[in-house]
Amino acid sequence: MSLPIPRGLPRTVLRSYGTVQGPPSATSLASRIPNVLIEATAATAPRTNWTREEVGAVYNTPLNQLTYASQALHRKFHDPSAIQMCTLMNIKTGGCSEDCSYCAQSSKHNTGLKATKMSPVDEVLEKVRMAKANGSTRFCMGAAWRDMRGRKTSLKNVKQMVSGIRGMNMEVCVTLGMIDQDQAKELKEAGLTAYNHNLDTSREFYPTIITTRSYDERLRTLDHVRDAGINVCSGGILGLGETDADRVGLLHTVSSLPSHPESFPVNALVPIPGTPLGDRKMIPVEYHGGPSLCGETSDVHLNRWVSHL
Ligand code: SF4
């Protein structure tokens, strides 16, 4: 009996040999690995002059070849068994003036979420101590804000949290919406390790997901973060209704930045009733990871792959 071919796996290569016939020749195997992937795997330094076609060729490589190349590259630079434990905390929930279609925290959507004020510094530092005792070496904090304009007191409190966490010998990451050059410098001086600001999807698809700020505004925040010497954490969300070309577009954007983001979080949409994307189906389970910063998606940090493209 033959099983139906799973749908939605366009990159699967159907095997035409069984246990009796020999395996495919090395030449036939090699023909399925694009040169650009072979070169990327052999690279000794990151490159930032990728074309969209080259990124598309890597994206369309059969999954097992891609996994193998990715593992080989990862092992060149990292202990393959090492993971980092991070704890994420929402320090200010809901009431956000942005209209991100996937997010329960936007004040534009009727999700029943109750907005809260920012958590006090002491309360946050107490949670950090617990996280450290549980094995985390990085503490990440998310606040549902459009930007930090006119939020002097909040920024002061965030900086106290940052230096308090650094004082416990941990890494610290925040996501506070858009920030300018001066705010980025202040956060750096407080000891911030990384700043999260996701691009979400391709430049072309982006306006169908968010209308209250532009792709270029997001890229500007990434510039400010990078220029201040803070590590950049910037990724996207799968399952928004984007095409493969949009995923390639996002990968192309991040791999062509002046330097690659140190982290590339890949989230999967969890549709929330009351949001414009609330009726979408979740993408297949094999893409899913753990909980996310904003509570609307799941994070899979595939950071090192893009870091070395
Ligand atoms: S994703 Fe962030 S910026 Fe967008 S609505 Fe939610 S909290 Fe606001």
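**View A. Ala-268 sits in strand S7.** This is a predicted model, so local features are given only at pLDDT of at least 70 and side-chain atom pairs only at pLDDT 80 or more, while totals for chains, interfaces and linings take in all residues. Residue numbers start from 1 along each chain as its sequence is written. Strands here are DSSP runs of E with at least two residues, helices are runs of H or I with at least four, and both are numbered from the N terminus. Ala-268 has 21 other C-beta atoms within 10 Å, so it counts as buried. The cut-offs run like this: 20 or more other C-beta atoms within 10 Å of a residue's own make it buried, 12 or fewer make it exposed, and anything in between is partly exposed, with C-beta atoms placed from the backbone. Ala-268 and Gly-239 are 29 residues apart in sequence, yet their C-alpha atoms are 6.1 Å apart in space.

**View B. Phe-264 lies in the loop between helix H9 (244–255) and strand S7 (265–269).**

**View C. Zooming out, the protein chain has ten helices and nine strands.** It runs to 309 residues, and 33% of them count as buried. Take the contacts with a separation of 6 or more: 76% of them join residues 24 or more positions apart. A contact means two C-beta atoms, placed from the backbone, within 7 Å of each other.

**View D. Nine residues surround the ligand.** The closest are Cys-96, Cys-100, Cys-103, Ser-106 and Ala-144. Sorted by class, the shell has five nonpolar, three polar and one charged residues. Nonpolar here covers Ala, Val, Leu, Ile, Met, Phe, Trp, Tyr, Cys and Pro; charged covers Asp, Glu, Lys and Arg; the others, Gly among them, are polar.

View E. The buried members of H6 are Val-158, Met-161, Val-162, Gly-164 and Ile-165. An α-helix has 3.6 residues a turn, so residues three or four places apart point the same way. The buried set of H6 packs against helix H5 (121–133), strand S2 (138–143), strand S3 (171–175) and helix H7 (181–190). Turned away from that side are the exposed Lys-152, Thr-153, Lys-156 and Gly-167.

**View F. Asn-169 occupies the loop between H6 and S3.** Its phi is near 65°, a positive value in a residue other than glycine. Asn-169 is exposed, because 8 other C-beta atoms lie within 10 Å.

**View G. In H7, the buried residues are Gln-183, Ala-184, Leu-187 and Ala-190.** Down the axis of H7 these fall within an arc of 120°, so they line one face of the helix. They pack against H6, S4 and H8. The face turned away carries the exposed Asp-182 and Glu-189. After H7 comes Gly-191, with a positive phi near 110°.

**View H. Met-141, Val-162, Leu-192 and Tyr-195 touch the most other members of the 33-residue largest nonpolar core.** Such a core is a set of buried Ala, Val, Leu, Ile, Met, Phe, Trp, Tyr and Cys residues joined through C-beta atoms within 7 Å. Leaving out residues up to four places away in sequence, Tyr-195 touches Cys-173, Val-174, Leu-187, Val-225, Ile-230, Val-232 and Cys-233. A second, separate core has 21 residues, including Ala-104, Leu-240, Leu-269 and Ile-272.

**View I. Asp-200 is in the loop between strand S4 (194–196) and helix H8 (215–227).** Although not a glycine, Asp-200 has a positive phi of about 75°. With 24 other C-beta atoms within 10 Å, Asp-200 is buried.

Notes
A residue is near a molecule or strand if its C-beta atom, placed from the backbone, lies within 6 Å of it. The arc is that of the directions from the helix axis to the C-beta atoms.
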